[in-house]
Amino acid sequence: MEDLVPHPLVILKAGDTFDALRDANGDFEHWVARGLGDTRLPVVVLDPRRGDTLPAPGALSGVVLTGSHSMVSHREDWSEATAAWLAGIVASGTPVLGICYGHQLLAHALGGEADNHPVGLEIGTVTVHLTDAAADDALFHDLPHEFPAHVVHRQSALRLPDGAVRLAGNAFELNQAFRVGERAWGVQFHPEFDAAAMCGYIDAVADDLRAEGKDPAALRDGVEATPTAAQLLGRFAHLAEEHDAAAR
């Protein structure tokens, strides 16, 4: 008999936000789940840092890997084990979306390089520019050529894996988005952030920003809504639904 129970869409929780933001509006996994929208797939949160068992490729419909305050270059045991698992998931053709830390870990897992950005911190609402390749991409097609997105990162995917397709960048960050194969994407920006989350991050690191010669008030004033970037999570959920249906 055909298995009619959909496989779960897994949110892989790689980190925690600041306490004040979590107390007000939930943590990374809650922001991602809201962004996924009204999907027919069951959404399951797994945390590899606490030793949660990561499922085999055939047991899930897709994976969203969250951001983190950890650093990929520190090569923590849980992170390296997750990277090895990710490589197998990508090889299976299961849809993957890595966000910020997840974007960098995906690049590392597939043979690229993630490390400190040579210029330092990128934070605030920035303009992301799509490459020509995005026009034919299953996740990015039909989006405007440029759109605002929220960012906060000190590390980057400095070198993409062999065969990766660069989909977006800006003056600060060449690799704002990429794809490997047909169904694995990394985005350096945060489609799950709303304006309140972005302002919260600027406030949380305001002293560091001042020490680096940046103006937190100006960065806060520059925060705006990012509806185009936010679409990516719902689009990804739809792709995971299609993958799950085709696998039956």
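This is a predicted model: local features need pLDDT of at least 70, side-chain atom pairs count only at pLDDT 80 or more; totals for chains, interfaces and linings use all residues.

Student: Okay, what's the strand order in the open sheet?
Tutor: The nine strands go E2-E1-E3-E4-E11-E10-E9-E6-E7, with mixed pairing. Helices (H or I, at least four residues) and strands (E, at least two) are DSSP runs numbered from the N terminus, and two strands pair if DSSP finds at least two bridges between them. E2 (43–46) and E7 are the edge strands, each pairing on one side only.

Student: And how many bridges join E1 and E2?
Tutor: Four, in the parallel sense. Leu12 has Leu46 in E2 as its bridge partner.

Student: What does E4 pair with?
Tutor: E3 (residues 62–65) pairs with E4 in the parallel sense over three bridges, and E4 also runs parallel to E11, joined by four bridges. Gly98 of E4 is the bridge partner of Leu65, and Gly98 stands opposite Gly186 in E11.

Student: How does the chain get from E3 to E4?
Tutor: Through helix H3 (residues 77–92), in a right-handed β-α-β crossover. Right-handed here means that, with the strands pointing away from the viewer, the path from the first strand over the helix to the second runs clockwise.

Student: Which E4 residues point which way?
Tutor: Val96 and Gly98 point one way, Leu97 and Ile99 the other, and all are buried. Buried means under 20% relative accessible area, exposed over 50%, partly exposed in between (1.4 Å probe, protein chains only).

Student: Switching to cores: which residues touch the most other members of the largest one?
Tutor: Leu97, Phe140 and Phe189, out of 32 residues in that nonpolar core. Such a core is a set of buried Ala, Val, Leu, Ile, Met, Phe, Trp, Tyr and Cys residues joined through side-chain atoms within 4.5 Å. H8 gives the most to this core, with seven residues.

Student: Who's around Phe140?
Tutor: Leaving aside neighbours within four places in sequence, its contacts include Leu130, Leu167, Trp185, Phe189 and Leu232. There's also a second, separate core of 25 residues, with Ala14, Leu60, Tyr101 and Leu105 among them.

Student: Back to H8: what do its buried residues pack against?
Tutor: They pack against E1, H2, E3, E4, E7 and E11. Leu232, Leu233 and Phe236 are among the buried residues of H8.

Student: How far apart are the end C-alpha atoms of H8?
Tutor: They are 29 Å apart, which agrees with the 28 Å that 20 residues should span at 1.5 Å a residue. The expected span is 1.5 Å times one less than the number of residues.

Student: Last topic, Ser156: buried or exposed?
Tutor: Ser156 counts as buried because its relative accessibility is 0%. Ser156 lies in strand E8 (residues 155–159).

Student: What does Ser156 touch?
Tutor: Not counting residues up to four places away in sequence, Ser156 touches Gln104, Glu113, Ala114, Asp115, His117, Glu173 and Gln188. Glu113 is 43 residues from Ser156 along the chain, and their C-alpha atoms are separated by 8.4 Å.

Notes:
Residues are numbered from 1 along each chain as its sequence is written. Side-chain values use heavy atoms; hydrogens and water are left out. Contact means heavy atoms within 4.5 Å.
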